[in-house]
Amino acid sequence: MMASKKYIKLAQVSMQNVIAYRFTYFISLLGSLIFVIAMFYLWQAIFDQREQLSGFTWEQMKAYIFITYLTNSLISWYSETSISRKIIKGDVAMDLLKPLDFQKARIAETAGASLMEGCIAAIMIAALLLSTKSMVMPDSLQSGVLFILSLALSVFIKFGIIYLASLFCFWTANGIGVAWMRAALTNFFSGALIPFAFFPEWLAGISRLLPFQGIVHIPASIYLGKAIGLEAWGQIGIQIFWGIVLWTLGKWLWVWAVRQVTINGG
């Protein structure tokens, strides 16, 4: 019980840091906003004079773009590089002395920051929606609830991928390259850049075997009604599966990395 209070406190401190370092966060948010605006006008040009493309209407594509923006905003660049900075700067040595699980502490910080960042991103999206006339909404209360659940699981999956990538900084001198490679793979294979419906069948098949789909593709499919009922629950099951796998891999890699550091005196 006492340990749980410590993790809750970490989440609260993380929320306060978003406010305290709001300039850094808003710069990151602005970068995501510029990206989504560019994607909006790119897809608008592609859909010009077309009612439907690969199963998407323009209204559905607008919703897809804003879901991408929301998922990318839930974990900012500042938040996701905090783990790699700890490792590279050597601050992780202090964490080894604390009576807290390193992985649980980082997910608590991510949860706190994501809650605050998600609220701000939601306000930004509401403002964008007012300027784009109409947009598709979930067709039922159940779809809306499942979307929120799927969105929460997408944060857990994205954290798992970021955590694994950050731990590789134990063996690198600079974490920027690792973060960029992680971001490139995530954006492509999650469907953030291009929906799976536009992929060649073989590439879409590969993408559906990877955990990245749980970040954008699955929440968007549930929101747009492309996965409903048992299929939607099956998609959420896939997210839960990958969340557990990534968490387990992260725990294993952390133990192995710390053992190497202890043995080699790094």
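The model is predicted: local features need pLDDT of at least 70 and side-chain atom pairs pLDDT 80 or more, while totals for chains, interfaces and linings use all residues. Residues are numbered from 1 along each chain as its sequence is written, and side-chain values use heavy atoms, without hydrogens and water.

Gln60 lies in helix 3 (residues 58-74); helices are DSSP runs of H or I with at least four residues, numbered from the N terminus. Gln60 is buried, with a relative accessible area of 16% (buried, under 20%; exposed, over 50%; partly exposed, in between; 1.4 Å probe, protein chains only). Beyond residues up to four places away in sequence, Gln60 touches Gly55, Val136, Leu224 and Lys226 (contact, heavy atoms within 4.5 Å).

The largest nonpolar core has 64 residues. Such a core joins buried Ala, Val, Leu, Ile, Met, Phe, Trp, Tyr and Cys through side-chain atoms within 4.5 Å. Helix 7 gives the most to this core, twelve residues. Met61 and Ile222 have the most contacts inside the core.

Trp171 sits in the loop between helix 7 and helix 8 (176-189). Trp171 is partly exposed, at 40% relative accessible area.

Methods: Helices (H or I, at least four residues) and strands (E, at least two) are DSSP runs, numbered from the N terminus.
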